[in-house]
Amino acid sequence: MGLKVIGSGLGRTGTKSMQTALNMLGVGPTHHMVEVFAHPESIPLWVAAGQGRPDWDTIFDGYGAMVDYPGAAYWRELAAYYPDAKVLHTVRDPDKWFDSTQATIFAPGSAADAQEGPMVPFFESFMGDLRHHLHDRAYMTDYFLRHTEAVKAAIPPERLLVFEVGEGWERLCRFLGVPVPAEPYPSENSTAEFQARLATMPPPS
């Protein structure tokens, strides 16, 4: 199939809502971190990608779009590998983003923050040195801003949409060349919803 949309926005920039939105617009199925946990057999492929041995065709087999980690860490490689794909960069206020990460994906004791355990090689494969700065507001907000500037500098404007969390359908649909749905733009995976879902997940084996 090959990716038609590459999401370069970091986790906690509305990526779960965007996953649903892209599926509603018919450009999915859309890969997101939740797909990794639903298909743990893909984890060794991501570890290999982090070691410089990516097999993108196998990783994204059956998917038409990608948002969120771990794929967002490889936006540059994926944009080159899928040259016809459009790049969708989700953003929000950097301090609000940091606050959200601290209560969810980068919370103390989270899988991304763990120093030992079966998932450490997976998170190290796409986060690298970032794992040592997860709770440093100044470092992380600067990283967030630099990430956006890197995407904007590398991707031609006609191929890129910078999408602010909560802005709705219109610019997204125009960018993708699809009609605006009658349904409201989805709103999913709030901090409370994330924490509730995490509480029901079994520990990794």
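Trainee: Which residue forms a salt bridge with Lys152, and how far apart are the closest N and O atoms?

Mentor: A salt bridge is read from the separation between a side-chain nitrogen of Lys or Arg and a carboxyl oxygen of Asp or Glu, with a limit of 4 Å. In this predicted model, Lys152 pairs with Glu149, and the closest N and O atoms are 3.7 Å apart. The two residues are separated by about one helical turn, because they stand three residues apart in helix H8.

Trainee: Is Glu149 buried, partly exposed or exposed?

Mentor: Glu149 is partly exposed, at a relative accessible area of 47%. Lys152 is likewise partly exposed, at 43% relative accessibility.

Trainee: How many salt bridges does the count come to?

Mentor: The count comes to six. One of them joins Arg137 to Asp99, at 2.6 Å from N to O. Arg137 belongs to helix H8 and Asp99 to helix H6, so this pair ties together parts that are 38 residues apart in sequence. Another links Glu167 with Arg171, with 2.8 Å between the closest N and O atoms. Through shared partners, salt bridges also join Asp95, Asp99 and Arg137 into one network.

Trainee: How many aromatic pairs does the structure hold?

Mentor: There are 14 aromatic pairs. Among them, Trp46 and Phe60 are edge-to-face, with 5.8 Å from centre to centre and 85° between the planes. Trp46 lies in helix H3 and Phe60 in the loop between helix H4 and strand S3, so the pair ties together parts 14 residues apart in sequence. Trp46 counts as buried at 0% relative accessibility, and Phe60 counts as buried at 2%.

Technical notes: Residues numbered from 1 in each chain as written. Predicted model: local features only at pLDDT ≥ 70, side-chain atom pairs only at ≥ 80, totals over all residues. Heavy atoms only, no water. Phe/Tyr/Trp six-rings, centres within 6.5 Å; stacked < 30°, edge-to-face > 60°. Helix = DSSP H or I, 4+ residues; strand = E, 2+ residues; numbered from the N terminus. Buried < 20%, exposed > 50% of the residue type's maximum accessible area, 1.4 Å probe, protein only.
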